[in-house]
Amino acid sequence: MIGDAMAALHRSAEKPIRSRGRAGIVLMGALLFGALSAGALFTGTAAQAQTKIRVGKAQAQTFAFIPADVGTETGLFKQRGLDVEIASFAGDARLLQALAADALDIALGGGPTLAFVAKGAPMLAVAALADAPGSIMVVVRRDGPVKTEDDLKGRTLSVSTAGSLTYWLAQQLSRSHGWGADGIKIATLGSSAAQAAALKTNQIDGIVTETSTVFKLEEDGIGRILVRFGDRIKDFHVHVIYASRKLMESHPEAVRAFLAGWFDSVQYMRQHKEQTIDLAARVSDVSKSVAGRNYDELMPIFNPTGRFNPKALDVLSRSFVELGLLPDAPDMSKLYTEAFLPK
């Protein structure tokens with residue numbers, strides 16, 4: 001309602017003043033009064049101009065990215081002066097392409113995506129979104145040939161994209177068994193939906209993916225959880241919030257407002273379990289039972305302050321070399337900033 005009134009006001013303001021006459025001035029005054037009244041009614045303060053922020057999610061179904069939707073639907077971002085527009089992508093690589101093309105302002109992606117900052121991506125990490133990788137698991141067919149982790153040698157797991165978090169975790173799983181980085185074959189299939197379809201048709205042996213897809217495959221009687229990465233890796237930043245350099249330079253206050261709204265949204269989620277589950281089920285296109293499992297398992301992984309852990313950054317820096325993204329571990333201090341975090 002506030003947005004409609006303000007949009008009408010902006011459309012009116014785009015016309016030359018001389019063409020309005022007395023009636024036009026009266027109309028502008030009425031629109032302005034309506035916008036301000038709506039602001040007072042719904043937020044308790046005078047409405048303010050909204051700064052548009054384009055936010056991208058590396059995967060639509062990932063529960064760790066749900067605070068963006070919560071903040072949008074509850075109006076928490078609007079209270080911070082932001083009009084947030086959300087788009088989803090089939091992996092971090094496509095997310096970065098959109099940001100590099102100036103189609104995004106904020107990117108919600110994986111921790112290993114930090115390597116692309118070192119490679120020249122026009123962004124910086126501005127907050128540690130989530131820590132231990134509890135949101136990522138390996139799911140295999142319930143009736144398939146893979147019964148234990150040892151059965152994975154030489155078999156194929158799918159991931160989103162090359163150089164992504166899921167790609168590195170698949171390699172780590174192979175290394176942990178002494179098979180080297182390529183002891184498990186890795187297929188890059190993009191979206192979680194495409195990977196689930198490949199598992200159902202026996203084109204792959206398993207998927208390294210987020211929990212919404214895993215729990216849905218379980219619920220449908222198709223999949224079975226084989227590996228929980230959150231149990232194996234503790235010092236980590238599984239998901240990170242990135243901001244474009246353009247946004248940081250032109251609207252630093254918008255970056256601060258987005259992060260403040262993000263933490264407002266996480267706090268709302270902690271205090272409103274049922275509402276969060278309902279929204280997550282709708283946004284991720286999963287059942288309430290799947291959304292509820294996500295809530296119970298993943299709320300603890302959210303970083304409460306957004307600050308980066310030196311031990312987690314060390315693990316990430318090694319992952320860049322192991323993925324072949326960089327020849328040597330970079331100076332991690334140049335890849336992120338905590339200047340925009342709430343005090």
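**Chat about a pocket and a cavity**

Reader: Hi! How do the residues lining the second largest pocket divide into nonpolar, polar and charged?
Author: That lining has five nonpolar, five polar and four charged residues. Here Ala, Val, Leu, Ile, Met, Phe, Trp, Tyr, Cys and Pro count as nonpolar, Asp, Glu, Lys and Arg as charged, and the others, Gly among them, as polar.

Reader: Thanks! What kind of model is this?
Author: It is a predicted model, where local features need pLDDT of at least 70 and side-chain atom pairs pLDDT 80 or more, while totals for chains, interfaces and linings use all residues. Numbering starts from 1 along each chain as its sequence is written, and side-chain values use heavy atoms, without hydrogens or water.

Reader: Back to the pocket, then. How much space lies in it?
Author: The second largest pocket holds about 220 Å³. A pocket is an open set of points on a 1 Å grid over the protein atoms alone, with protein on both sides within 12 Å along at least five of seven lines; points join across faces, edges and corners, and the volume is what probe spheres set on them fill.

Reader: Which residues lie nearest its centre?
Author: Of the 14 residues lining the second largest pocket, those are Q61, A193, A196, T213 and K216.

Reader: And which helices supply at least two residues each?
Author: Both α8 and α9 (211-219) do. The largest share, five residues, comes from α8. Helices are DSSP runs of H or I with at least four residues, strands are E runs of at least two, and numbering goes from the N terminus.

Reader: Nice. Switching topic: how many cavities of 30 Å³ or more are there?
Author: One cavity reaches that volume. A cavity is a set of grid points where a 1.4 Å probe fits but cannot get out, and lining residues, for pockets too, have an atom within 4 Å of a point.

Reader: What's the volume of the largest cavity, and who lines it?
Author: Its volume is about 150 Å³. The lining has 19 residues, with Q59, D92, I136, S160 and T166 the closest to the centre.
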